[in-house]
Amino acid sequence: MNILIIGGGISGISAAKVLLKTHHKVTIVEKSEAPGGLMEKIANCRIGFKTFYDEIRDDPNLTVIKGTCVIDAERVNGSFKIHLEGQGHIDADRIIISSGLVPYDPKHLKGKRIITSLEYDAMIDQKNVELPEINKIAFVLCVGSRGNEYPLCSSVCCSYSLREIKWTLQRIKPEITVFYNDLRFFGQEFYMEKVFRDAGVNFIRANSRYFDEDENGVTIRYYNDNRIIEDRFDYVVLSIGLHPNPELKSLSEVFGFTLNEYGFIKEVEPLKTDIEGIYVSGGALEPMNIKDAILTGFGASSKCLSDLNGGFDDTIENKISYEDTPDIDNIPVDLNSYLFYLGIDDPSFKMFYEFLSESFINIAQKLCELGKNVCIVTQNLVMPSYGELLYENARRKGVIFVHLEEGQSLKVENSTAYIHGQKDVLSFSFDKMVSFNDYIELFKNKEFLFQYRTEPQIRWNPTKWDRKHFFYGFCRYPRSERWKMREYFGAVGEVILDMEEERVYPTLSEERCSGCGSCKDACPQSAIEMIVHEKPLSVFGPNFETREPIAHIKEDVCVGCGLCASVCPSDVISYEVPFK
Amino acid sequence: MQQTDNNIEHTIFNIEHLNKKIIGMSGYKREDFSVCLGCKICASVCTVNDLSIDANPQELLSSLFLGRTVEKNHPLVLFCTNCYRCTHNCPWGIRIPEIIRAFRETLGIESQFEKAFKGAVKIWGRVYEPYVFLKSATYMLKEGYIRYVPKWFEYISFHLPYKIKGR
């Protein structure tokens, strides 16, 4: 089967991987001179993309056509005949569209010292030996998203700003200030946030458009602590949003699929357009991060395979575990006023902001439609991409939102809530209060996949727990319902990729292991556990039995990276490398 | 609503009748204002803050929805110049000056000139200078505007008031 992938970004390459594994012929059409897309533009992700792409680069079934785009297509007996600009035509049975996202260009704000985050990324690239003098730097979030012109949240700007802070602190130690509206982080990024806060990064819940730039710096004016503050910075980084690719419009004219009002592809079935045989992945769906782009890339191709073969066999299905989203809509509706408090201090529970923000807003909106008085007091609302529309609608429909600023807190006494601000104290009386802490039991004593697996550099697998377990739904990462089936197909794609993969596993000679545990600490996959063995020991004649811990390697989990062998002090762990 | 300490400002959940009226006076719907994100961009660009007065237009919006009262001496109500810089920079294009004008009207702190100007617009749909001048003569005399009168004669022509078509 010939499958055409339009766009050679991370999501297109992920889709190609699954299809090549199942022995299909894949053609990738890329508009620019080399595959890579947006991920190639970020200095620290470039190498990640390269290693990902290198695995399939030399596959004989893969053709990459660079520097061209699709200008016309016709349907011949269920398959497509596609005309490329200046490159003749090719035949394809199925098409996957992964045209990606385009960064917003804030022309009216930009200057010499007011730069976009992509420009800043190029500036602090490891390759640049000499950096300009930066003593004070500001990050301004939500530029070009969450507004009238583009109401969606770009869902990645907060995360990549956090990474840029990390990369900045690795090289220089400037004074950093972050101006934010909501900190929309995911998973372990909340731990990173806490670390940076402790390291002195200043987070301010206010945004600004007053930039006064001169030769030596930029003056920013912002409102905080009930007063206007003017501050000077050496550089201002605008965290720009991601908009849909304008090329999607011409593609939709060529192929006939429909776009929604925001310029993204309308998804009728999970990862499928309304035209038979055309699938969609990555940034053509909605703004998403790299890991989700990989997930939908895997998903689009496995959805394509599922339509071709009529489902998957049980060996694949058995590996995939699913957990249903718990129903939390158990709030009585016969009361008059409701107060929702969305805030928690423990960073290990902050990853559930995304799930609870959406649930709270949904419930609040329902109550508001019944004519109740509803107020949501929030520390942080995580409503990425299309979630922002729900939030906007709730604001319009009469749910009152009160955003807690840095240092403010909510205290409750006798069905009255007090917010202690700098100047005065706000108080609300309510009949029923619903808070984050009420739902903490849902998440306690459970392991979620995302808990320690957010960084794509460490793990490329978006749904894999270990080689026998692939998670989707609530147990992967609690989030919006529309992701459920996308995650399922993504998991299928990952199982297909994982099957029959050649791996060299380490061998461990149990007699010589001293049980020091250094391999256990080194293993990034937690594949090594220490078990207590009874071990014969002879000291001067009589034999004793001693109980000693020794290392045990779980083969399901091990990926064969070799870190354990390299740290083992007594060379107990070894690799048998076959000679070629 | 309970009444306790002075420094604790109590709010009630529902929109007060007064605040509903203010939104109605602005000529827009409630949801055009409640879409506010709370980003405080408006405060950063506000021209009132050029006078080193700490004012936050977003605070007015939130007090509108939380049912809080706005004092007569609130800097924005007193000094807003209707420059619409907040609207221009607001991600949602919220027309805050319109709310502030409604506040001025309900709080009764409009000057005679403003009242006369609005009255003329209400009657004829446009400004009729003689009417404005006569109505607010005492105010203008008191505030010293009278010294500009010779200048006005350069472009004021006396005529009967024109009416806007369809009024």
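This is a predicted model: local features need pLDDT of at least 70, side-chain atom pairs count only at pLDDT 80 or more; totals for chains, interfaces and linings use all residues.
Local features require pLDDT of at least 70, side-chain atom pairs count only at pLDDT 80 or more, and totals for chains, interfaces and linings use all residues. Residues are numbered from 1 along each chain as its sequence is written, while chains are lettered from A in the order in which they are written.

**Domains**

- Chain A is divided into domain 1 (2-100 + 245-312), domain 2 (114-242), domain 3 (337-442) and domain 4 (506-575); such bounds come from an automatic or database domain assignment.
- The centres of domain 1 and domain 2 of chain A, taken over C-alpha atoms, are 33 Å apart.
- Nine residues of domain 1 of chain A and twelve residues of domain 2 of chain A form the contact, where two residues are in contact if their C-beta atoms, placed from the backbone, lie within 7 Å.
- On the side of domain 1 of chain A that touches domain 2 of chain A, five residues are nonpolar, three are polar and one is charged. In this classification, Ala, Val, Leu, Ile, Met, Phe, Trp, Tyr, Cys and Pro count as nonpolar, Asp, Glu, Lys and Arg as charged, and the others, Gly among them, as polar.
- For chain B, the assignment gives domain 1 (17-107) and domain 2 (112-152), and the centres of these domains of chain B, taken over C-alpha atoms, are separated by 26 Å.

- Two packed helices are described by the angle between their axes and the distance between the axes. Axes are lines fitted to C-alpha atoms, for helices over the stretch in contact, and angles run from 0 to 180 degrees between N-to-C directions.
- Helices (H or I, at least four residues) and strands (E, at least two) are DSSP runs, numbered from the N terminus.
- Helix 1 (residues 10-21) and helix 3 (residues 43-57) of chain A pack at about 30°, and their axes lie 10 Å apart.
- Helix 1 and helix 3 of chain A are therefore roughly parallel to each other, a term for angles under 35 degrees.
- Helix 1 of chain A passes helix 3 of chain A in a left-handed crossing, that is, the near helix is turned anticlockwise from the far one by less than a right angle.
- Ile10(A), Ile13(A), Ala16(A), Lys17(A) and Leu20(A) of helix 1 meet Phe49(A), Phe52(A), Tyr53(A) and Ile56(A) of helix 3. This contact has eight nonpolar, no polar and one charged residues.
- Helix 10 (residues 353-369) and helix 11 (residues 387-396) of chain A cross at roughly 35°, with axes that come within 10 Å; the crossing is left-handed.

**Sheet in chain A**

- Three strands of chain A form an open sheet in the order 4-5-6, with antiparallel pairing; strands pair if DSSP finds at least two bridges between them.
- Strand 4 (70-76) and strand 6 (89-92) of chain A are at the edges, each with a single partner strand, so one side of each is left without a neighbour in the sheet.
- From one strand to the next, the twist averages 25°.
- Six bridges join strand 4 of chain A to strand 5 (residues 79-84) of chain A, and Asp72(A) has His83(A) in strand 5 as its bridge partner.

**Interface between the chains**

- In the contact between the chains, 28 residues of chain B meet 30 residues of chain A.
- Helix 3 of chain B supplies the largest share of the side of chain B that touches chain A, four residues.
- That side of chain B comprises twelve nonpolar, twelve polar and four charged residues.

Definitions and conventions:
Angles under 35 degrees count as roughly parallel, over 145 as roughly antiparallel, 65 to 115 as roughly perpendicular and the rest as oblique.
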